[in-house]
Amino acid sequence: IGPEGARSIGVGLKKSKTLQALHLKSNTIGSEGARSIGDGLKESKTLQTLDLSDNDIGPEGACSLSGFLQESKSLQALALDFNNIGDEGTRAIVNFLKESKTLQSLDLQSNNIGPEGGRLIGDGLKE
């Protein structure tokens, strides 16, 4: 779907009143698409599961997505595996993790996360 399709989905998310799960694995949305999806999520009251695995969102996409996710009051599962977010993107996602009262599942496998990112995740889980 690419970034353009992600923009359209972001607009739809703003108006959706019932969607509980969104799986967009392997759709090459990139960081721009992650920002668009995130923008739609900030108004979603029902989304519980978001899978953006293998979309090459990188650290920039993780950072912008995290800002929007912090406003989510319903998200329970987030899959961002295979997105090359690295330690920088991990830091942003951990900021969301610390604030979330609903997240139960987080998938960050294969993201080039180093020891620093591991420490950040561990610290985020303690809070």
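Leu41, Ser44, Leu47, Leu69, Ser72, Ser74 and Leu75 line the largest cavity of this predicted model. A cavity here is a set of points, on a 1 Å grid over the protein atoms alone, where a 1.4 Å probe fits but cannot get out, and lining residues have an atom within 4 Å of a point. The largest cavity holds about 50 Å³ of space, and a search of the whole structure finds one cavity of 30 Å³ or more. Its volume is the space filled by probe spheres set on the grid points, which are joined across faces, edges and corners. The lining is made up of four nonpolar, three polar and no charged residues. In this scheme Ala, Val, Leu, Ile, Met, Phe, Trp, Tyr, Cys and Pro are nonpolar, Asp, Glu, Lys and Arg are charged, and the others, Gly among them, are polar.

A word on the ground rules. Residues are numbered from 1 along each chain as its sequence is written, and side-chain values use heavy atoms, with hydrogens and water left out. Because the model is predicted, local features need pLDDT of at least 70 and side-chain atom pairs count only at pLDDT 80 or more, while totals for chains, interfaces and linings use all residues.

**The chain as a whole**

The chain has five helices and four strands, following the pattern α-β-α-β-α-β-α-β-α along the sequence. Its radius of gyration, taken over C-alpha atoms, is 13 Å, close to the 14 Å from the globule rule for 127 residues, so the chain is as compact as a globular protein of that length. That rule is 2.2 Å times the number of residues to the power 0.38. Helices (H or I, at least four residues) and strands (E, at least two) are DSSP runs, numbered from the N terminus. Of the 127 residues, 46% count as buried, meaning under 20% relative accessible area, with exposed over 50% and partly exposed in between (1.4 Å probe, protein chains only). Among contacts (heavy atoms within 4.5 Å) with a separation of 6 or more, 84% come from residues 24 or more positions apart.

Helix H2 (residues 30-41) has twelve residues and reaches 17 Å from its first C-alpha to its last, close to the expected 16 Å. The expected span is 1.5 Å times one less than the number of residues. Nine of the twelve residues of H2 are buried, among them Ile37 and Leu41. The buried residues of H2 pack against helix H1 (2-15), strand S2 (49-51) and H3. Leu41 also turns up in the cavity lining.

Helix H4 (residues 86-99) has 14 residues, and its end C-alpha atoms are 20 Å apart, which agrees with the 20 Å it should span. Its buried residues include Ile93, Val94, Phe96 and Leu97. They pack against helix H3 (58-69), strand S3 (77-79), strand S4 (105-107) and helix H5 (115-126).

Which residues does Val94 contact, leaving aside its neighbours within four places in sequence? They are Leu120, Ile121 and Gly124. Val94 counts as buried because its relative accessibility is 4%.

Ser26 and Phe82 are residues other than glycine with a positive phi.

Conventions
1 Å grid on protein atoms, 1.4 Å probe; cavity = no way out; pocket = protein on both sides within 12 Å on 5 of 7 lines; lining within 4 Å.
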